[in-house]
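Me: I have a protein model open and would like to go through it. Can you help me read it?

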Amino acid sequence: MIRLQIPYRLVLLNPRDFDPAEFDALCRDYLERSRRSPVIIEIFNDNVQYLLFLNEGQLYWACAGEREQFQPLKLRDFFLKIRRTQFPQIIVYQTDIILYHSLLVYLQRKPELKVSSALVDLEELLENTEKDYASAILSARNPGTFILLRYHERKPLACYHLRSDRGPAADAREDFLVKVYTITAKRPLEINLFTDLTVSHAEDVRSLPSDFSGAVSSFYLSQPPRLVVRLKGRPLKTYPFAGEEMSIGRLAENAIVIDNLSVSRTHATVRSSADGFVLRDLGSKNGTLLNGKPAAEARLADGDCIGIGKYEILFQIPALEGAGPEDLDQTVIIPHFRPETGSAPARPDADAERALPRLFRRSCLEEYPLAKERTVIGRRRNSDIRLPGFFAPRVTVEIVRKGAEYVLQKVEGRATVTINGEEMDEKTLAREDLIAIGSEEFVFKD
């Protein structure tokens with residue numbers, strides 16, 4: 001196997017034999033360092049290369065590479081696999097946030113273009129990239145070589161290759177061309193162009209509590225959270241948390257289906273985030289309770305009780321020891337939970353809920369009912385619709401209901417907001433209007 005040569009700012013730990021007994025202490029140390037600057041831990045042998053990404057004091061994402069192909073890993077699987085790897089070595093790198101994000105894009109996204117450096121006019125490719133894309137990444141790779149060129153706001157921001165401690169540089173474009181042309185004279189490189197720069201965290205990411213005193217690995221090797229549906233205190237069914245989000249509602253498409261008139265078609269979601277797990281009400285008619293109090297959006301902790309209609313859903317984070325969800329009794333059926341024939345009875349508010357205007361988010365195929373007088377879109381945690389990612393635009397947009405009309409207003413920020421390709425700060429929305437905020441696109445549906 002030929003390792004991916006990670007560009008870096010500084011080597012924090014030179015190559016040495018990996019000792020599983022020391023890894024928890026080492027991992028905790030570098031988690032603390034990642035509060036100041038992102039960190040990447042590499043563990044490898046002759047057959048496999050593992051990469052673990054750390055930032056802001058948390059584990060963010062992991063992957064495994066074999067034969068120059070990388071696959072994402074759950075954090076739980078990462079800790080299990082490194083224990084079984086024979087004769088591994090470990091290196092720890094410090095990066096800057098731009099390089100950190102660029103590496104995640106390279107490892108997570110599919111390129112817009114893939115071509116040999118011997119078959120493309122590289123300068124023409126760069127000119128077209130600068131003309132056509134506000135932000136982009138070009139990579140150049142062959143066995144033993146890996147170079148990244150980062151564009152931001154149509155300008156070459158930085159070129160990364162091996163030790164890259166200068167950060168953003170005015171000559172990044174020229175630096176990239178010289179490196180690629182020099183290496184191509186001996187052996188062609190594979191050129192990849194990335195224009196989708198969105199990245200995501202590991203599927204089972206969880207925030208490591210500041211007062212957690214156990215081994216870091218044990219925190220992620222514990223069983224995933226589970227949602228226990230109860231009626232009048234009686235457990236009915238247990239759902240292990242799977243994926244990034246579980247929806248709760250009356251429609252059969254939900255992960256947890258409750259066919260009851262007090263439950264909206266899509267009532268609420270429980271979603272994993274870099275900070276833990278978040279409960280969110282989706283504009284349901286009867287609302288969602290958390291520990292007996294109304295909750296539009298709230299962080300979940302072990303033992304919290306979610307109230308939806310007549311039902312309670314207990315949120316549990318199992319300890320490392322003891323039975324997992326697969327050991328629990330799954331045979332009890334909730335009355336009318338999944339109707340086998342026919343459709344659910346109509347509710348008095350069904351037509352009104354269906355008539356609510358919505359925003360359709362293209363990147364994740366989600367719809368957001370505009371049930372509030374004012375819906376906020378932005379980076380902040382309290383936004384109704386969040387724009388995640390390291391390079392999410394620093395802009396706040398509101399959609400305000402004014403009688404029967406919905407008006408989009410740009411509240412703050414320098415980033416542009418376009419509607420149907422035209423930059424504007426305010427507009428009364430019409431059906432199928434296409435709203436672009438940074439790389440995110442929303443379609444207004446009424």
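Me: Which residues of helix 5 are buried?
Reply: This is a predicted model. In helix 5, the buried residues are A172, R173, D175, F176, L177, V180 and T184.

Me: What span should helix 5 have, and how far apart are its ends?
Reply: Helix 5 covers residues 172–184, which is 13 residues.

Me: Back up a bit. How many helices and strands does the protein chain have?
Reply: The protein chain has seven helices and 33 strands. It has 446 residues, and 50% of them count as buried.

Me: And what share of the contacts comes from residues 24 or more positions apart?
Reply: Those pairs make up 55% of the contacts in the protein chain with a separation of 6 or more.

Me: Now the inside. Which residues touch the most other members of the largest nonpolar core?
Reply: They are F23, I41, F53, L59 and F78, in a core of 61 residues. Helix 3 (residues 97–108) gives the most to this core, with eight residues. Apart from it lies another core, of 23 residues, including V229, F277, L290 and I313.

Me: Take L59. What does it touch?
Reply: Leaving out residues up to four places away in sequence, L59 touches C27, L31, L52, F53, L54, L75, F79, V205, V216 and Y220.

Me: C27 is on that list. Is C27 buried or exposed?
Reply: C27 is buried, because its relative accessible area is 0% and the cut-off for buried is under 20%. C305 is also buried, with a relative accessible area of 17%.

Me: How many disulfides are there?
Reply: The count is zero disulfides.

Me: Which elements give two or more residues to the lining of the largest cavity?
Reply: Those are strand 1 (10–17) and helix 1 (20–33). Helix 1 gives the most, with three residues.

Me: What about the second largest pocket, what lines it?
Reply: The second largest pocket is lined by 16 residues, and E68, Q69, F70, Y106 and K114 lie nearest its centre. About 410 Å³ of space lies in this pocket. Strand 5 (69–73), helix 3, strand 8 and strand 11 each supply at least two residues of the lining.

Me: Some backbone angles, then. What is phi of E153 near?
Reply: Phi of E153 is near 55°, which is a positive value in a residue other than glycine. E153 is in the loop between strand 9 and strand 10. At 57% relative accessibility E153 counts as exposed, because the cut-off for exposed is over 50%.

Me: And where is E432?
Reply: E432 is in the loop between strand 31 (426–428) and strand 32 (434–437). Phi of E432 is near 70°, a positive value, and E432 is not glycine. With 43% relative accessibility, E432 counts as partly exposed.

Me: Is G421 buried or exposed?
Reply: G421 is exposed, with a relative accessible area of 69%. G421 lies in the loop between strand 29 (417–419) and strand 30 (422–423). Its C-alpha atom is separated by 7.8 Å from that of A436, and these two residues are 15 residues apart along the chain.

Me: Last one. What does Q316 touch?
Reply: Not counting residues up to four places away in sequence, Q316 touches P225, R226, V228, D302 and G303. Q316 lies in strand 22 (residues 311–316). Q316 and P224 are 92 residues apart in sequence, and 8.9 Å apart in space from C-alpha to C-alpha.

Definitions and conventions:
Residues are numbered from 1 along each chain as its sequence is written. This is a predicted model: local features need pLDDT of at least 70, side-chain atom pairs count only at pLDDT 80 or more; totals for chains, interfaces and linings use all residues. Side-chain values use heavy atoms; hydrogens and water are left out. Helices (H or I, at least four residues) and strands (E, at least two) are DSSP runs, numbered from the N terminus. Buried means under 20% relative accessible area, exposed over 50%, partly exposed in between (1.4 Å probe, protein chains only). The expected span of a helix is 1.5 Å times one less than its number of residues. A disulfide is a pair of cysteine sulfur atoms within 2.5 Å. A nonpolar core is a set of buried Ala, Val, Leu, Ile, Met, Phe, Trp, Tyr and Cys residues joined through side-chain atoms within 4.5 Å. Contact means heavy atoms within 4.5 Å. On a 1 Å grid over the protein atoms alone, a cavity is a set of points where a 1.4 Å probe fits but cannot get out, and a pocket is an open set with protein on both sides within 12 Å along at least five of seven lines; lining residues have an atom within 4 Å of a point. Grid points are joined across faces, edges and corners, and a volume is the space filled by probe spheres set on the points.
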